[in-house]
Amino acid sequence: KMSYKIVGKYIKDLKFTIADPKDFFLLTKNISNYKIKIDIKSKSFKEKMIEVETTLSLNPTKSNFDEIDVKIVYSTIIELDINLNDKKELENIILVKVPSEIYPNIREIFISLFEKSGFKDVKIDRIVDFEKLYLQNQN
């Protein structure tokens, strides 16, 4: 039995800035030196409703590479079961279940942006183990 349901989801913020041709060509050549960073935040919206913000951004893996301004903030509004009072379960919903459910959407949008901008080699994990990330952050 589900202890929550998704009642809405949308792109809250989207940045895709490539300043000039030089950046474009650098990025085309070095796209493999960037990796996706995922960040999850949540805030109460109404009684038993929570907004979960999942942010994907592209960050350089090497210190000598420029930050590029590529970021998507995806908002998911969830409605909780009336009886859900377990803090652990709530954390699990926000940090594991919801991101796992919506990640394929965000990934598709991200990849589509790059492909429509002429980038073919964007490596974005098909599957992210949010359970593992959650457990790592517990320690």
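**View 1. The hairpin of β2 and β3 in the predicted model.** Strand β2 (34–46) and strand β3 (residues 49–60) run antiparallel and are joined by 12 bridges. Two residues lie between the strands of this hairpin, in which Lys48 takes a positive phi near 60°.

**View 2. Strand β3 and its pairing with β4.** Of the 12 residues of β3, 10 are buried, so the strand is largely enclosed by the rest of the structure. Besides its bridges to β2, β3 pairs with strand β4 (residues 69–80) in the antiparallel sense over nine bridges. In this second pairing, the bridge partner of Glu53 is Ser75 in β4.

**View 3. The buried and exposed sides of helix α1.** In helix α1, which spans residues 21–30, the buried residues are Asp23, Leu27 and Asn30. These residues lie on the same side of α1, because they cover an arc of only 80° around the axis. Pro21, Phe25 and Lys29, by contrast, are exposed on the other side of the helix.

**View 4. The packing of α1 against β2.** The buried residues of α1, among them Leu27, pack against β2 (34–46), and β2 in turn is joined to β3 by 12 bridges.

Conventions. Residues numbered from 1 in each chain as written. Predicted model: local features only at pLDDT ≥ 70, side-chain atom pairs only at ≥ 80, totals over all residues. Heavy atoms only, no water. Buried < 20%, exposed > 50% of the residue type's maximum accessible area, 1.4 Å probe, protein only. Helix = DSSP H or I, 4+ residues; strand = E, 2+ residues; numbered from the N terminus. Arc of directions from axis to C-beta. Contact = heavy atoms within 4.5 Å. Pairing = 2+ DSSP bridges.
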